[in-house]
Amino acid sequence: MRNVNLVFRREFAAYFSTPLAYIFIVIFLALAGILTFRLGGFLDREQADLVPFFEFHPWLYLFLIPALSMRLWAEERRLGTIELLLTLPISMTEAVVGKYLAAWAFTATAVALTFPLWLTVNYLGNPDNGVILASYVGSLLMAGAYLAIGSMISATTKNQVIAFVVTTTTCFILTLAGSPAVLDFFSAWAPADVIQAIGNFGFLPHFQSIQRGVIDLRDLIFFGSLIIIALIANAIIVDWRKAF
Amino acid sequence: MTQVLSIHGLTKSFGHETVVDNVNFTAGTGEVVGFLGPNGAGKSTTMKMIVGFLTPSAGTAVVCGHDVLRDPRAVKAAVGYLPEGAPAYPDMTPLGFLSFIAGVRGYDGADRRERVERAIEMTRIHDVARQPIDTLSKGYKRRVGLAQSLLHDPTVLILDEPTDGLDPNQKQVVRELIRDMAQEKCIVISTHILEEVDAVCSRAMIITSGKVVADGSPADLKAQSGSGDLDEVFRKVTANA
């Protein structure tokens, strides 16, 4: 725990030692606002909820989260600090988890800064705050899953651009896995069971069910196991490819 | 002299290529061992295996009584290591960076500050301690890397090309530092600069194509050539490998 904490604090501080953190937060907030009010029609709907806000989170994360996760391991590789980090008396798990949690905590900070929207909707009407809380939890879980996948992909390369593009593509497919766009590609030749399995991997249905205010154990297990599996793969990849 | 480092049949292959081929030696405190060899001879790979970064294909290294295969964490805790190029997090200041390393090495509170302070003093980086590492000269960066490897006052120090790319003054500073510590430590440095061996090492091992082809004091090696020139020995033993 001690080492996880040390790695976490170093990583978290690193976001704020460059303009990255501020640019990320400003863009995240600006885009979230524009999408909610313009595309989502937050005011025109005349409904006291944050559905038009949360609805766009998967799409916002799709290109903002890879921008965060791409540096996690690719940067260590490029700078050579991976050799330093892994020759300290620290385990691979501690390094992977510490870095991952820092990225997640940073994302949570950005998401938490959208609180004025929550204040606004409470000022304008009487929303179901339980649903809003559940949606925030669901959003963070989904962000966590994107981050874990991004961290894993970042471990395969020293090129951050490659990490970004591959992560965005992977997350795009996972987000849409349950939709016709992806399923049609498989339906021509894959057996029905496989298609259903692919469909179940879609992020959207899981996020949407949490967004309705029900935190179902199945959705928690879905995102939780995805995160854990991606991080285990992350550790294996770092260990396996550290010589290159 | 206590024996603190023993290498047994250390071998590393990548695919069909054997980069380090059955390296054996032991070293003790008071020794400064210089790995000498052309680029790509396997010096760095050998070091990376000793400190537990790379897993050997065969053989093992025992550092301060800990086997790197069985207990890599104990080896990592015992050894001080400067990777090639002295990598460090560019956005941190030396102070923050050393404080992070000291934390991971298990020091807290006043003890941690004291360790950092002492390492900064030993490597003479006081003037730049609060500047981002990114903005430092190569010489200072190297000394930050050295400071990092010295924090826990390790008995065994593995330094991969500690003076490579430094100007003569900077080289001098680093060499003096190594000489100052040589008495109570076992130091292994790698270099492809022959004068370095003469300047700081008590023992030189010439490595080429992953094999140790000569091992002895710099004076011994010089005696092998008629002219007493280290360059000539180096060329002779590395040419036909």
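**Notebook: where chain B meets chain A**

I began with charged pairs, and across the interface of chain B and chain A the rule finds three salt bridges. I keep in mind that this is a predicted model.

Next I looked up one salt bridge by name. The side chains of Arg2(A) and Asp108(B) meet there, at 2.6 Å from N to O.

I then asked which helices of chain B each supply at least two residues of the side that touches chain A. I found α2 (72-78) and α3 (94-104). The largest share of that side comes from α3(B), with five residues. I also sorted the residues of this side of chain B by kind: 17 are nonpolar, three are polar and seven are charged.

How many residues are in contact on each side? I noted 27 residues of chain B and 25 residues of chain A. The area buried between the two chains is about 2400 Å², and carbon and sulfur atoms give 65% of it. For polar contacts across the interface, I noted eight residue pairs, with both residues at pLDDT 80 or more.

**A patch on chain A**

The largest share, three residues, comes from α14(A). I checked one member, Ile221(A), and found it in helix α14 of chain A.

Key:
Residues numbered from 1 in each chain as written. Chains lettered and ligands numbered in written order. Predicted model: local features only at pLDDT ≥ 70, side-chain atom pairs only at ≥ 80, totals over all residues. Heavy atoms only, no water. Contact = heavy atoms within 4.5 Å. Buried area = accessible area lost by both parts, 1.4 Å probe. Salt bridge = Lys/Arg side-chain N within 4 Å of Asp/Glu carboxyl O. Polar contact = N/O pair within 3.5 Å; in protein donor to acceptor, adjacent residues only side chain to side chain. Helix = DSSP H or I, 4+ residues; strand = E, 2+ residues; numbered from the N terminus. Nonpolar A, V, L, I, M, F, W, Y, C, P; charged D, E, K, R; others polar.
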